Amino acid sequence: MTDYGHDLLFGTFVTPAPGAVELAQTADRAGLDLVTFQDHPYQPAFYDTWTLLSYVAAQTSRIRVSGNVLNLPLRPPAPLARAAASLDILSGGRFELGIGAGGFQDAIAAMGGRKLTPAQSVDALAEGIAIIRDLWDTDTRSRVNHDGTYYNVVGAKRGPAPAHDIAVWVGAYKPKMLALTGALGDGWLPTMEYVPGGPAGLPDANARIDEAALSAGRDPAAVRRLMNFMRMDGPPSSWIDHFADLALNHGISAFIIGGDDHAMAEALAAEVAPAVRELVKRERGA
Amino acid sequence: MTSLDLALASPEELVAAARDGDVVLRDSGEGLDPLTTAVWLAGRTSGTKIGVSFEASSDAMREKTLDSLETLTGGRVVVDADPAAARALRRDGIDYDGVPVPALEPGDRSFRGRRSTYLRGGSPGLVLQPRTPSEVAAALEFARRHRHLPLGLRSGGHGISGRSTNDGGLVIDVSGMNTIEVLDPSARLVRVGPGATWKQVAVSLDKYDWALGSGDYGGVGVGGLATAGGIGLLSRAHGLTIDHLRAVELVLADGTPVRASATENPDLFWAMRGAGANFGVATAFEFEVDEVREVGWAKLVLVSADLEESLKQYGAVARNAPRDTTVFLVTGPPRQGQSVIQLYGMVDSDDPDVVISRLTPFASIGMLAQQQVVITRYADVMGEAADVGPEGQHGRGEPVARSAFVPVLTDAFARDAARLLRSGQVYYFQLRHMGGAITDVDPGEMAFSYRTPEMSVAAMGGDRQGLDSQFDRLAAHFDGLYLSFDTDLRPERVADAFPPPVLARLRSLKHRYDPTNLFRDNFNITPSTPFTPFATEENS
């Protein structure tokens, strides 16, 4: 039994291709909390995810937007921090930073990114997150310096400051990345289909994140556990018990569904979200 | 044009200024990020142009971003071109200083809208845009100097086979040659440039109560279709598009302008109707068009739990339909055992009772879920196609499509087609209803030879090998193919497109009209060695 007590979020995982803006508008109108986009710039059929996020934020009014997850090797941290803060300001605090270490090294290299080993890319992500958080922190006036193995920042001015505390959600599966998530992240953002062992693998992953958070002197509950579902079978009403179970027993507090289906997004907002929230509220109250 | 400093302007000021008119964003490295802000402003306004410059992490990421800016904002975010960066985008082996006609190169702002086609992403090294036959000749002279490069010919850029773009080569884009004029009202004779779209043609003919059948989509360009065939919504009533062609003017590979008709260069006229892309760049078409008043236009959506049975029934209904009726079928992979079947078709009649009686048998091949039937103008049907503006076509990647003619839609074909759809390798499957007036023309009259199939089938997939391996399994049901719908580059497809005697004649004509094989990137017919009847005697 694991439940970190977060309010529940519901959203969609939208393919960054023609039709994406309309799907985001549907999610926004339906009242979902999040619309998110994968970031594979080397996939020729996809839009540039940052351009799409900026455009979608402008074309929606209430929903929060995020990469799911942004590709750090192709989006270096200092410019990304500025862009992210800018989009948060422009959108009235509706941007969250889903980020990952970048999985497809050859494809990244073909787009002009640096080719790293998996272990190096984890270390690079840790450096990147530190730089991003520093640049967002305008409470101190000192310049930002980072003399890292992967990223160097020399005497950078801070800011702009985001409109709200942008959450850093990390796409992670393997032990080193889970440890990084626990130590540095505000959230864990994996995809159920890729979690080793599926739902049965959740206790182990959660434990690794919790342990890393505690070692870093943080409360494990500071790390929200989000979950993508590439594909959900059956009618949305049949998902309710499954989601409530994941919330109450595995601490999952955000449900992000793929499939690029307008009707699904509407049903997720109208049927699934209220029912899961009600079930979870009742159990938590008990 | 208002210039705004990103370090100083508030979001509210930015939006207010952009709502008043075009803006330029100035970046001093502080405050809001220029690209993010520009895209945001484009998303919050509708007509405003936003000028900006930005840095990307690599040239490839910059290109990616520019491409997305163009499609998402409709070209309203205008990025400062850096002349050095623009020159760096030039491709090897092209004499950029010797370009003889208007042209776009990769660093040009308008290039982005002309690099790709409807379904295929491309990155040619140069898009030549001739406006007259003599400019076409000059473009061909340039192409002859660049034989080491691919050469695409483009009219509307809608072709499914994607041959009108390439990677690093030349494209001759005749979209500017798009005039439409009536030559002889009593003979219904019209002259059309290759760059017009069928939507534009339909609008021009509509006021005379005329129409010229093309395919099923008004956004397609005239040149590509009118040199290949044109199996469309009016084909059963009035024949293929090329059946209406009375003369064509073109520029040959060596730059010679020629006219071909039944009486002038009749061999070339024969070849241009079905294999035109191998013989020249068409610069004008003269068609005899049909009297067409209002037509019945139907879109039906049906659901079927038994696709095989529905295909059989469709075949039977289509076979028995009168020739005023043409109904196409589209479906995709079944989901949870259910197939969604779209039927769309035209009845060349303005009598609602006739239209309904023609369509009713089609509506029973599955469970009818949606229907829309109207009496309308042919031009309004073509007008459903979106206009392609300066933002151009933005296909991505490589399309994967196969085509075949089906002589008879047999039960065995229905079974195997249903299996093909269940394989998951086909996301779009179309049957075009043939027969009727298509069969009135003698197969020998033109290079397009397949007069008697019941159906033309097209299948699109995501994976070339996957689609080919499944589609090839149906080969026993096929005889021939429609080259504009096939992306398969295996050489045997050319033999599918043209029966042996036709291919032999085409090869000999190719030797006469394009002996160096300049036009080689679209179902290439290789020139045959000239036939020398007395060689044996001389040797003896």
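**Figure 1. Helices H2 and H3 of chain A.** In this predicted model, H2(A) and helix H3 (residues 77-90) of chain A pack at an angle of about 15°, and their axes lie 11 Å apart. That angle makes H2(A) roughly parallel to H3(A), since angles under 35 degrees count as roughly parallel, over 145 as roughly antiparallel, 65 to 115 as roughly perpendicular and the rest as oblique. Axes are lines fitted to C-alpha atoms, for helices over the stretch in contact, and angles run from 0 to 180 degrees between N-to-C directions. Helices (H or I, at least four residues) and strands (E, at least two) are DSSP runs, numbered from the N terminus. The crossing of H2(A) past H3(A) is left-handed; a crossing is left-handed if the near helix is turned anticlockwise from the far one by less than a right angle, and right-handed if clockwise. From H2(A), Trp50(A), Leu53(A), Ser54(A) and Ala57(A) meet Leu80(A), Ala83(A), Ala84(A) and Leu87(A) of H3(A), where contact means heavy atoms within 4.5 Å. By class, this contact of H2(A) with H3(A) has 7 nonpolar, 1 polar and no charged residues (Ala, Val, Leu, Ile, Met, Phe, Trp, Tyr, Cys and Pro count as nonpolar, Asp, Glu, Lys and Arg as charged, and the others, Gly among them, as polar).

Residues are numbered from 1 along each chain as its sequence is written, and chains are lettered from A and ligands numbered from 1 in the order in which they are written. Local features need pLDDT of at least 70, side-chain atom pairs count only at pLDDT 80 or more, totals for chains, interfaces and linings use all residues, and side-chain values use heavy atoms, with hydrogens and water left out.

**Figure 2. Contact between chain A and chain B.** In the interface, 29 residues of chain B are in contact with 33 residues of chain A. The two chains bury about 2,700 Å² between them, 63% of it on carbon and sulfur atoms; buried area is the accessible area (1.4 Å probe) that two parts lose on being put together, summed over both. Trp40(B), Lys64(B) and Leu72(B) supply 26% of the area that chain B buries against chain A, more than any other three residues.

**Figure 3. Helix H2 of chain A against helix H2 of chain B.** Helix H2 (residues 49-58) of chain A packs on helix H2 (residues 34-44) of chain B at an angle of about 40°, with 7 Å between the axes. H2(A) and H2(B) are therefore oblique to each other, and H2(A) passes H2(B) in a right-handed crossing. Among the residues of H2(A) in this contact are Trp50(A), Ser54(A) and Ala57(A), and H2(B) contributes residues including Val39(B), Trp40(B) and Arg44(B). The residues of the contact of H2(A) with H2(B) divide into 7 nonpolar, 4 polar and 1 charged.

**Figure 4. The parallel sheet of chain B.** An open sheet of 4 strands has the order E1-E2-E3-E4 (chain B), with parallel pairing. Strand E1 (2-5) and strand E4 (77-79) of chain B are the edge strands, each pairing on one side only. From one strand to the next, the twist averages 25°. Strand E3 (residues 50-52) of chain B is joined to E4(B) by 3 bridges, the two running parallel, and two strands pair if DSSP finds at least two bridges between them. Within this pair, Ile50(B) stands opposite Val77(B) in E4(B). H2(B) packs on the sheet and touches strand E2 (23-26), E3 and E4 of chain B; the direction of H2(B) makes about 170° with that of E3(B).

**Figure 5. The mixed sheet of chain B.** Here 4 strands form an open sheet in the order E5-E6-E8-E7 (chain B), and the pairing is mixed. Strand E5 (103-104) and strand E7 (151-154) of chain B each have a single partner strand, so one side of each is left without a neighbour in the sheet. Strand E6 (residues 126-128) and strand E8 (residues 170-173) of chain B pair in the parallel sense over 3 bridges. Leu126(B) stands opposite Leu170(B) in E8(B). Helix H5 (residues 133-144) of chain B packs on the sheet, touching E6, E7 and E8 of chain B.

**Figure 6. Backbone features in loops.** Most residues other than glycine have a negative phi, and most peptide bonds are trans. A cis peptide bond joins Asn68(A) and Val69(A), with omega about -5°; Val69(A) lies in the loop between strand E3 (64-67) and strand E4 (70-71) of chain A. The peptide bond from Gly159(A) to Pro160(A) is also cis, with omega near 5°. Asp209(B), although not a glycine, has a positive phi of about 60°.
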